[in-house]
Protein chains: 4
Amino acid sequence: MSKPLNIGLIGTGFMGRAHSNAYRKVSNFFKLPYHPVLKAVCARSADKVKDFAETWGYESTETDWKTLISRKDIDAIDICTPNNNHAEIAIAAAQAGKIILCEKPLAMNGPEGLKMVEAVEKAKVPNIVWYNYRRVPAVTLAKKLIEEGRLGKIFHYRAKFLQDWTISPELPQGGAGLWRLDVAASGSGVSGDLLAHCIDTALWLNGSLDTISAMTETFIKERKHTLTGKTEKVGIDDACIFMGRFKNGSLANFESTRYARGHKALYTFEINGENASIAWDLHDLHRLQYFDYKDEGKLRGWKSIHVTDAGGDHPYMDKWWVPGLSIGYEHSFVHQVADFLESLGSGKPAMPDFRDAYRTQLVLDAITESAKTGKWEKVESA
Amino acid sequence: MSKPLNIGLIGTGFMGRAHSNAYRKVSNFFKLPYHPVLKAVCARSADKVKDFAETWGYESTETDWKTLISRKDIDAIDICTPNNNHAEIAIAAAQAGKIILCEKPLAMNGPEGLKMVEAVEKAKVPNIVWYNYRRVPAVTLAKKLIEEGRLGKIFHYRAKFLQDWTISPELPQGGAGLWRLDVAASGSGVSGDLLAHCIDTALWLNGSLDTISAMTETFIKERKHTLTGKTEKVGIDDACIFMGRFKNGSLANFESTRYARGHKALYTFEINGENASIAWDLHDLHRLQYFDYKDEGKLRGWKSIHVTDAGGDHPYMDKWWVPGLSIGYEHSFVHQVADFLESLGSGKPAMPDFRDAYRTQLVLDAITESAKTGKWEKVESA
Amino acid sequence: MSKPLNIGLIGTGFMGRAHSNAYRKVSNFFKLPYHPVLKAVCARSADKVKDFAETWGYESTETDWKTLISRKDIDAIDICTPNNNHAEIAIAAAQAGKIILCEKPLAMNGPEGLKMVEAVEKAKVPNIVWYNYRRVPAVTLAKKLIEEGRLGKIFHYRAKFLQDWTISPELPQGGAGLWRLDVAASGSGVSGDLLAHCIDTALWLNGSLDTISAMTETFIKERKHTLTGKTEKVGIDDACIFMGRFKNGSLANFESTRYARGHKALYTFEINGENASIAWDLHDLHRLQYFDYKDEGKLRGWKSIHVTDAGGDHPYMDKWWVPGLSIGYEHSFVHQVADFLESLGSGKPAMPDFRDAYRTQLVLDAITESAKTGKWEKVESA
Amino acid sequence: MSKPLNIGLIGTGFMGRAHSNAYRKVSNFFKLPYHPVLKAVCARSADKVKDFAETWGYESTETDWKTLISRKDIDAIDICTPNNNHAEIAIAAAQAGKIILCEKPLAMNGPEGLKMVEAVEKAKVPNIVWYNYRRVPAVTLAKKLIEEGRLGKIFHYRAKFLQDWTISPELPQGGAGLWRLDVAASGSGVSGDLLAHCIDTALWLNGSLDTISAMTETFIKERKHTLTGKTEKVGIDDACIFMGRFKNGSLANFESTRYARGHKALYTFEINGENASIAWDLHDLHRLQYFDYKDEGKLRGWKSIHVTDAGGDHPYMDKWWVPGLSIGYEHSFVHQVADFLESLGSGKPAMPDFRDAYRTQLVLDAITESAKTGKWEKVESA
């Protein structure tokens, strides 16, 4: 029989909702060794956290995360706070022997990330970071195709994450919903928020990056700060481009921005191999584009695979509806919870764990450095 | 405060799951006057229904729907059985004063449907039929654009529902998962299963059909029957095409089939008006295609609207995630539950109720008749 | 060495230009037994025909087609007049022993078409009808795939030709450029103009039609007539839908209209076979969509084949540029001329000849009859 | 009346054909002050040049370009040779007072390009470089939209030119058809061949580049050389990526490669402005993608404009067929000839002339330098 796993969630924003939804749904669709129990949710505002608990069915609330961590009835801590709190909470949770699920990016920078890795490894607690896009079925299928060796030698890996929601200079920085524009809370702009996703997927699909050269830009230099009420310098990067070389010899071209008018959340990647190529985009996340040079000459073309087969062909899809009926963004979180609960049973860690996510942090560090120096930088090994 | 609505679900197949999921999620995302309580689920197999209840969190189980209907603690009966049981259950439920949510198509045919309409109207119980596609945000947006008068006089309405899952002659008919191939259980093939959806949307978006001419085909004449073990005549239509005239003067071209290799569940419609046109397809359900002739000449083109804006522009989407992040098939059921619960509070019926769904039944009757006679048939008024 | 073929062109409208361009280009790209010589062009207006001859490099002009036909230095007559003149000119040209290239549709109706067939067969003159879409490389590739047996048993053939250029009631009928709206000159509206193309391709790709049921509509009942200056009844069909059965057992669904807002010239077809499906559309004419069920399960999807390979894989494309560089609408005419000149050398007729095009005429006759009677009609055999 | 312009073409490869076709067609479709006369064609092989002259209708042939240039009956020299001959021929032609049309890239490098610019400016001869993509109607429309100020401040310009034809290590370098792989003949690989197009369009649409950082890669280090018969080092770049800043503050992200499996000739660009965005790709060259934030909120989306309106709305398209019917790659050359002939009449130079094309050369020089040094480089001003 399935055992309970008591969740203590910290943070009630967008990610708090996405994770709660995943916890609530996973046992309806997956047969797993554990089932999540919504034991407690924590946020600074007593009113807001009560409202959230009621909406989502949490049994109790806390307003101090330290109290939450000290509770004996909590098995796992889920960290959905702004980036600048990840390390402190995670390290304390590890020391308290809690299982940890941490939102991405892992940390504000590499050294901070390393401390978190060391804490969980020392405490030997299961841990995972919410790079959810690995578990969009089309992306998981891409991984499978690569592992089967279909692409051959890789020549190119391209990724972009394009948004357009910060173009207005009237948009303030800081505070609820806008902490991503406040460098003190976020650590960086599009690089930590969006490129981090692109990098996580890339390292997973294509291995380590060797060297990179990056540039960043802050188009709007000053914005009103919600917390101070004053117009203050913007410390984040609005856009970031980097090129580089992977250790397998392929070339990297990455870009993210919040100034690409017309794109709401267009995360795309494309991989060109000797024998085959793959492309994907988040706006039509249930489709995988695939080109295979081994196809008969006159029939070669890019195939649009609707990754919705329920008969076992397509990852995760046997758990949902019938062929052709799509699932959405939220399901990637359900899949991550499912895999994580499975890993608790099997003892085989689900990825990306903290150490794996730390590798993304090291790429981000190299980007920051290169954007500052204008030089090519070596990406450190984790 | 939100009041409980005790649900009694009958049927634990694909639709039983889809509805259960909707009941479980709706209160997490919508603020409503009622919240569904999963009170009881009913199916003939005691083992299966227990398993289902456990998976989905139903408080109790029944194996006889008559017992379920007689229970005082049940407010609403949700009918997810094969089509041939809809009428009997619905009429009994109405007589018992229950709120009724009935899967589509409403009935095996028009006369049966009429009895169901009369039963609920006599009993004055709230009722609705699960034509869920009306509440895909892109489709709801289409309705809004039409109501705003953007299309002008309508010339053409085209709809198709194409699948390819019954091409193999080895596929048997009848029994769990395959009752849709057994005319005794389903009443018809693609017309009642797939075209019914197309017709419901069309009547909603474009008004009544006046006359039609139809053809049907059964490509595979005999299949093994799961229940009898014998090869038996196939009584359903494998494919159905009809053309016709709407009362507003526009031409109808409708088709559905389960023999369109390459299409899993491709429900599409397109409406051509004097000033603008609209197109949609279920395989990319979060997109609406829109062409407006009033656009400046050199800039005219089909616009692909990613119906995922969370700021209020796009129906239902303010309840979910952030712009660009898609929802899936299952969410149309959540929206239907939300609208229905809202209607219980306001007293303003949510559509399609039984009478509205009966109109689709009358079109299906005309199709059946025309396919038999080879003549144009008048569609009766509801 | 290549021999000259002296062309006498009748008609200087849209098709006169398209054919002239094809004659001028074909020898630059194809090695053929004959090369066209632009010997003479004929039109009623002496000024216009001179201007046309100068623009296109015709050696001489005529204003009476009978004179043109009587000229000894003319080998081939190309008929680009409105439909109501095809028969008279073609029969006279046949009697004069001329090779004939006739614009589509062949005739105003079946009986007229039959006389034309009899005339060319009696005179034993090479003849062809300009159903140019057969020779768009993507369409030719479709034919090849079907001939290779890749689709298996065919279940469905769907075709549409959608335009939107006659929606305005201010548009007059009749006269230069508008004779297609004048039933006296055109014989019919969208059926003869647009559906004729769809039918020609269908008969070529899928064999004969057996029975059909059709409807037509004239949305705008009266238009000013350019020739009389008066508002007169519109005699053409603005839209036409028919459904039917092919002799191979597949179902037909055809539609054409000039009232589909947003579509300029959207000729599309889709064929669903047991094993594979094919789709094409004229707006992106260099692409063929192909789905093959024999592909490995997880990789099944619609392939978008960019039919521009120059290495021999794609029909005609070795004659043009390099892979990836597209050709356009006009090239289908060049290909038709090339194949026709080749056929003059080989003696193996290029299709569709008059008899082949007459089959399309018989389908059009059945459509007209069915639209009038409201009954299913048998398509006569040619 | 239109005056003759006697053309002397040098080179009979792919571009020799494309230009010849343009000269032959332009007067059929455009009314211009000059009409090209195919006076002479020149190539080293007497046999080949004769064959070419016959195919295309050139009046005479030469095997020495110096002789061609010295001919009094030649008005304009068209240079279609490999890149390493451009400068010598162009300078000699300028000194002989000939009008010059030169294939792109202008030169092997900036200094050589400057000499060519000085030569034509000193000689005061009309001159143009064949960056043909400016005159694809969709691209010309993009220019128009930018000039109308629809995009507002520009944030991003992205361009890629992806091919896959040199992946096989068996492909030799050098000789007819393969000189692009031989650095002695081409000067560079994808940067001069493909990126040059991207840069030309970018400078035209978005103004000057300020600084760039580039990387290049040669995936296959050695190939057999057709001329020497030996395996020799490959001197060209197989792939090139650069990022940079335009003078208007927007960020550049450019990439070209011949190792992107699945892409035959995928030239794409996208421009993101404050108010609107534009995207285009060569594989579907008749479409322009356009997103306008000023559209009503619920209707915002990317519009696919089929740039085929013949009524004056779309550049050049009034000269061709009817709306919806596409033209192809070759037509961009026809348009360039038309504009150039028009410019000879008006005296207003058609762009890009040598000086304009020299600016692209300076970007290429900066790319080469940056790829070597690993540093950011300033792009020099022309």
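# Close-up views of a predicted model

**View 1. Chain A meets chain C through 20 residues of chain A and 20 residues of chain C.** Contact here means heavy atoms within 4.5 Å. The model is a predicted one, in which local features need pLDDT of at least 70, side-chain atom pairs count only at pLDDT 80 or more, and totals for chains, interfaces and linings use all residues. Residues are numbered from 1 along each chain as its sequence is written, chains are lettered from A and ligands numbered from 1 in the order in which they are written, and side-chain values use heavy atoms, with hydrogens and water left out. Between them, chain A and chain C bury about 1,600 Å², of which 51% is on carbon and sulfur atoms; buried area is the accessible area (1.4 Å probe) that two parts lose on being put together, summed over both. Lys298(A), Leu299(A) and Lys303(A) contribute 44% of the area that chain A buries against chain C, more than any other three residues.

View 2. Copies are superposed by least squares on the C-alpha atoms of residues with pLDDT of at least 70 in both.

**View 3. In the pairing of chain D with chain A, 41 residues of chain D are in contact with 42 residues of chain A.** The two chains bury about 3,500 Å² between them, 59% of it on carbon and sulfur atoms. Of the area that chain D buries against chain A, 20% comes from Met215(D), Met243(D) and Arg261(D), more than from any other three residues. Chain D can be laid on chain A by a turn of 180° and a shift of 0.0 Å along the axis, with an RMSD of 0.0 Å. This is the relation of a two-fold axis. Lys375(D) is the residue of chain D that comes closest to the rotation axis, at 3.1 Å (C-alpha).

**View 4. Ser326(A) lies in the loop between β16 (302-306) and α9 (331-346) of chain A.** Helices (H or I, at least four residues) and strands (E, at least two) are DSSP runs, numbered from the N terminus. Ser326(A) counts as buried because its relative accessibility is 2%; buried means under 20% relative accessible area, exposed over 50%, and partly exposed in between (1.4 Å probe, protein chains only). Leaving aside neighbours within four places in sequence, Ser326(A) is in contact with His286(A) and Thr308(A), and also with Leu285(B), Gly328(B) and Tyr329(B).

**View 5. The buried residues of helix α5(C) pack against α4 (86-95), β5 (99-102), β6 (127-129) and α10 (354-373) of chain C.** These buried residues are Gly110(C), Gly113(C), Met116(C), Val117(C), Ala119(C) and Val120(C). At the start of α5(C), a side-chain oxygen of Asn109(C) reaches to within 3.0 Å of the backbone nitrogen of Glu112(C). Lys124(C), which follows α5(C), has a positive phi, near 55°.

Note on methods
Polar contact = N/O pair within 3.5 Å; in protein donor to acceptor, adjacent residues only side chain to side chain.
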